[in-house]
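Dear colleague,

Please find below the structure that I am handing over to you. My notes on it follow directly after.

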Amino acid sequence: VDDSRESIMCKKTALEESVKKCPNFRSGIFSLAICHLQLQNPQEAIRLLEEYHRQDPNDISVEYYLAELYYSRFDAPNACEAYARAETLARKKGHLPHALRQLKKTLSTHCR
């Protein structure tokens, strides 16, 4: 897959078929969400990431993406909630990545 729209669309179609056959294929769901982000469809990306979260609430990357996407759509309460989950997961591993620290600064006026 390259960065062309046509290539991303082909990948999206293949992933949709795979996820339809195996609805618990989490990495397929995540990859499909990323395809939707590349195609400028954040609402569908959020839906897919929420589905992934329901299957596995312990993936820091999913929580980070959800927080970023919610914030970009002016949904501060959900952004703060997703960020809090990501931070909790990161602290359990004893590491707070730079991207999470930056997101915390961005959300600081919206989260309590």
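Is Glu-87 buried or exposed? In this predicted model, Glu-87 counts as buried, at 15% relative accessibility. The residue takes part in a salt bridge with Arg-91, in which the closest N and O atoms are 3.0 Å apart. Both residues belong to helix α5 and stand 4 residues apart, about one turn of the helix.

Further salt bridges

The count of salt bridges comes to 8. Among them is a contact between the side chains of Glu-16 and Lys-12, at 2.9 Å from N to O. These two residues are 4 residues apart in helix α1 (residues 5–21), so about one helical turn separates them. Lys-12 is buried, with a relative accessible area of 13%, whereas Glu-16 is partly exposed at 31%.

Helix α3 (residues 42–55) holds Glu-51 and Arg-54, 3 residues apart and thus separated by about one helical turn. They form a salt bridge, their closest N and O atoms being 3.0 Å apart. Glu-51 counts as partly exposed, at 25% relative accessibility, while Arg-54 is exposed, at 56%.

Cysteines

The structure holds 1 disulfide. It joins Cys-80 to Cys-111, with an S to S distance of 1.8 Å. The pair links distant parts of the chain: Cys-80 lies in helix α5 (residues 76–92) and Cys-111 in the segment after α6 (98–107), 31 residues apart. The link of Cys-80 and Cys-111 is left-handed, with -95 degrees about the S-S bond. Cys-80 counts as buried, at 13% relative accessibility, and Cys-111 is partly exposed, with a relative accessible area of 24%.

Cys-22 counts as partly exposed, at 43% relative accessibility.

A residue in helix α6

Gln-102 has its place in helix α6 and is partly exposed, with a relative accessible area of 35%. Gln-102 and Pro-23 are 79 residues apart in sequence, and their C-alpha atoms are 33 Å apart in space.

With kind regards

Key
Residues are numbered from 1 along each chain as its sequence is written. This is a predicted model: local features need pLDDT of at least 70, side-chain atom pairs count only at pLDDT 80 or more; totals for chains, interfaces and linings use all residues. Side-chain values use heavy atoms; hydrogens and water are left out. A disulfide is a pair of cysteine sulfur atoms within 2.5 Å. Buried means under 20% relative accessible area, exposed over 50%, partly exposed in between (1.4 Å probe, protein chains only). A salt bridge is a side-chain nitrogen of Lys or Arg within 4 Å of a carboxyl oxygen of Asp or Glu.
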